[in-house]
Amino acid sequence: MSAGNGNLLEIEGLRVEVEGRQILRGLDLAIPVGTTHAVMGPNGSGKSTLAYVIAGREGYDITGGSIRFRGEDLADAAPEERARAGIFLAFQYPVEIPGVNNTYFLKAAVNEVRKHRDQPELDAMDFLALMRERVEALHFDPELIRRPVNEGFSGGEKKRNEILQMTLLEPTLAVLDETDSGLDIDALKVVAEGVNRMRSPERSFLVITHYQRLLDHIVPDRVHVLGEGRIVESGDRDLALRLEAEGYRRAGRATR
Amino acid sequence: MELERHYAAAAARLPGAFADHVARFFDGGGFPTARDEDWRHSTPEVLTRVGFEPFAAAPRTAGNGAGAAAALAGTAARFRFGPTELAAARSWVNGGSVPWPGPVAENRESLFRIGPLAGDAAVDSASEGAGAAWLRQPLDLMNRAFRHGGAEVRVPRGRDAGALLLFSARTPSAPRAQMLHPRFRIVLEPGSAATVVEVHAGDAGDGGWTNPTTEGRIGADARLDYLRVDLETGGIVHTGRSTFRLERGARLRSTVLALGAGISRSDASVVLAGEGAEADLNGLFLGLGQGVADQHTLAIHAAPRAVSRQLYKSVLADASCAIFDGKVVVAPGAVGTDASQANRNLLLSEEARVHTRPRLEILNDDVKCAHGAAIGRLDENALFYLRSRGLGRMDAREMLVAGFAGEVIRNLPSAAARELAESGLAAIRATGNWTA
Ligand SMILES: Nc1ncnc2c1ncn2[C@@H]1O[C@H](COP(=O)(O)OP(=O)(O)O)[C@@H](O)[C@H]1O
Ligand SMILES: [Mg+2]
């Protein structure tokens, strides 16, 4: 499952440029298999850039360092190859896809990843049964799975749709980029329960958030603070509480 | 001058042709040129390179008999209508009537009448009265002159005719490029309903011209779902038009599906003549090769509180070209008008081209009018989103293209037509060399 050292994801000295601008400047992060890590940081510190570069977005150029998933370097892997290998990104801003039916899309995606994981593809009946179960567990409005992907969804509905996709695709590494933003407290709890149900010794989570509120519900094993393109401080979950009280400005002082 | 002599002589040789219309056509200016406002960006010169021959006047080609039946069966096979989907079907090859080879439901005859079009005097004109000046379509005169093959469909008061098919096919021209002018009239009496699917299909080999006209009247509270499919390939120039006049509370959904790889110009016009009439004008062009679709719409609001909605979409591969010229005209008395118009184009190759021109003529101020045009490539954000869920690059692109076209395809009035459009998408997929 993982590299010899037990890390599912290993990022070393990662430097990333977007449109010629250096955004990540030597970022180190190791996530052991079966653990949940949180990354916090002010707006513009590079959190989404980190999420995108893990998922393989074009235009996010790695100019130094490496990302390894299960011990293998990801630099040349296409986004779909990463997804099939078990990486999932819950987008901060999920994309609306007019004309593409949500159920149709999800079935195609689920069968694509199943095919590459040597699992049998699901027929329409089996898929709908699975979908129904996951939709109920997330208190997702069943009407929304019949609509085009994310089109006309409220902010909260989009975020729930991301988590629904995660529960269907059953990744080994899930990166959640500010999944809490736009959610009211009830929705936040439902989403957190969905994540917590999936936590297992084989699966890791990278939870990106701006506020520590989410971490009351998804309790992380480690918390990292991102500032100006690198991890400036790491600690246990008390670090998140301290950041909440003190703000980001003081983070990393001790280590810099 | 030479062309005028050619067509006058052709009309004189053709029994049943109406030569005065040839004279009227040339007196009114004759064939369009690229200088005509209404043909800008298009290639009207393809209509004047040769003088086309009417089929019946040419040496015997596959107008009748086994050859025609085989030619029809070939194209008809692309439409898989269910065994009871069609209440009636009429088909022609090169303007000659040939029985429809597919299944047709039984015992529906009391719901409609289909017969030949009567003489010239009986040519109904939806284009007279309100909005007549806007509806001037010179090439219709050539259709009137040479019309050959065609029908009148009439649905009696209060009846629901179900789906009727009008299928005009042609075989490769020989020895000269030939022309075909089918003419249809659709009359829905008050409170009646029908779906009419009109297909123009065939391959012209070394060139040809198809110039169909459909005119219709939709009576008070009647409902027509009208689909015209252009499936012509092989150097055929297609110039087709439909004009419907809607009475009080009548409803029309008109869809033009252009799948041919040739040059096609279509005009979908509607006169909202009765209060509260409602029309949807939809179009979809799936462009391949050097295919050109020049799609024009015209919604004339001549009565109060009528609604018109236009949605024309193009998916353009290879060096295909889409032109959209959409008009909304609101007459002074048409208070409470609600009109919208959208033209959206998806470019899949660097060579593909789009020209779009929405035009509004509003002559009163109690009007709700919305219009917009968009030209774009596949959305990178959406592509990444789909790929991040495990879908391959090509699958993700296809899903976006199908989603884009789906907005029109979903609303096609027949499963067979939806299937045909899907096969058009498959042809686009096969071009593969998408740059976006
Ligand atoms: N596509 C892009 N093009 C140019 N700059 C970008 C792009 N994406 C992000 N950036 C810049 O990179 C920096 C980090 O952004 P981001 O990773 O979105 O931060 P966060 O998610 O922490 O708010 C910001 O300064 C942002 O403006
Ligand atoms: Mg962000």
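This is a predicted model: local features need pLDDT of at least 70, side-chain atom pairs count only at pLDDT 80 or more; totals for chains, interfaces and linings use all residues.
Trainee: OK, changing topic. How many residues does each chain put into the contact between chain A and chain B?
Mentor: Chain A puts in 22 residues and chain B 16.

Trainee: Which helices of chain B each supply at least two residues of its side?
Mentor: Both α5 and α6 of chain B do. The most comes from α6(B), which gives six residues to the side that touches chain A.

Trainee: What classes are on that side of chain B?
Mentor: There are six nonpolar and six polar residues, plus four charged ones.

Trainee: Back to those two helices. How are they described when they pack together?
Mentor: Two numbers are used for a packed pair: the angle between the axes and the distance between them. For α5 (residues 380–387) and α6 (residues 393–409) of chain B, the angle is about 125° and the axes are 9 Å apart.

Trainee: What does that angle make α5(B) relative to α6(B)?
Mentor: Oblique. An angle of 65 to 115 degrees would count as roughly perpendicular, and one over 145 as roughly antiparallel. The pair is at about 125°, so α5(B) is oblique to α6(B).

Trainee: Is the crossing left-handed or right-handed?
Mentor: The crossing of α5(B) and α6(B) is right-handed.

Trainee: Which residues meet there?
Mentor: From α5(B), B:Ala382, B:Leu383, B:Leu386 and B:Arg387. They meet B:Arg393, B:Ala396, B:Arg397, B:Met399 and B:Leu400 of α6(B). By class, that contact has six nonpolar residues, three charged and no polar.

Trainee: Last one. Where does B:Glu45 lie?
Mentor: In the loop of chain B that runs between α2 (19–27) and β1 (53–54).

Trainee: Is B:Glu45 buried or exposed?
Mentor: Exposed, because B:Glu45 has 12 other C-beta atoms within 10 Å, and a residue with 12 or fewer counts as exposed.

Trainee: How far apart are B:Glu45 and B:Glu2?
Mentor: They are 43 residues apart in sequence, and 15 Å apart in space, C-alpha to C-alpha.

Definitions and conventions:
Residues are numbered from 1 along each chain as its sequence is written. Chains are lettered from A and ligands numbered from 1 in the order in which they are written. Axes are lines fitted to C-alpha atoms, for helices over the stretch in contact, and angles run from 0 to 180 degrees between N-to-C directions. Helices (H or I, at least four residues) and strands (E, at least two) are DSSP runs, numbered from the N terminus. Angles under 35 degrees count as roughly parallel, over 145 as roughly antiparallel, 65 to 115 as roughly perpendicular and the rest as oblique. A crossing is left-handed if the near helix is turned anticlockwise from the far one by less than a right angle, and right-handed if clockwise. Two residues are in contact if their C-beta atoms, placed from the backbone, lie within 7 Å. Ala, Val, Leu, Ile, Met, Phe, Trp, Tyr, Cys and Pro count as nonpolar, Asp, Glu, Lys and Arg as charged, and the others, Gly among them, as polar. A residue is buried if 20 or more other C-beta atoms lie within 10 Å of its own, exposed if 12 or fewer, and partly exposed in between; C-beta atoms are placed from the backbone.
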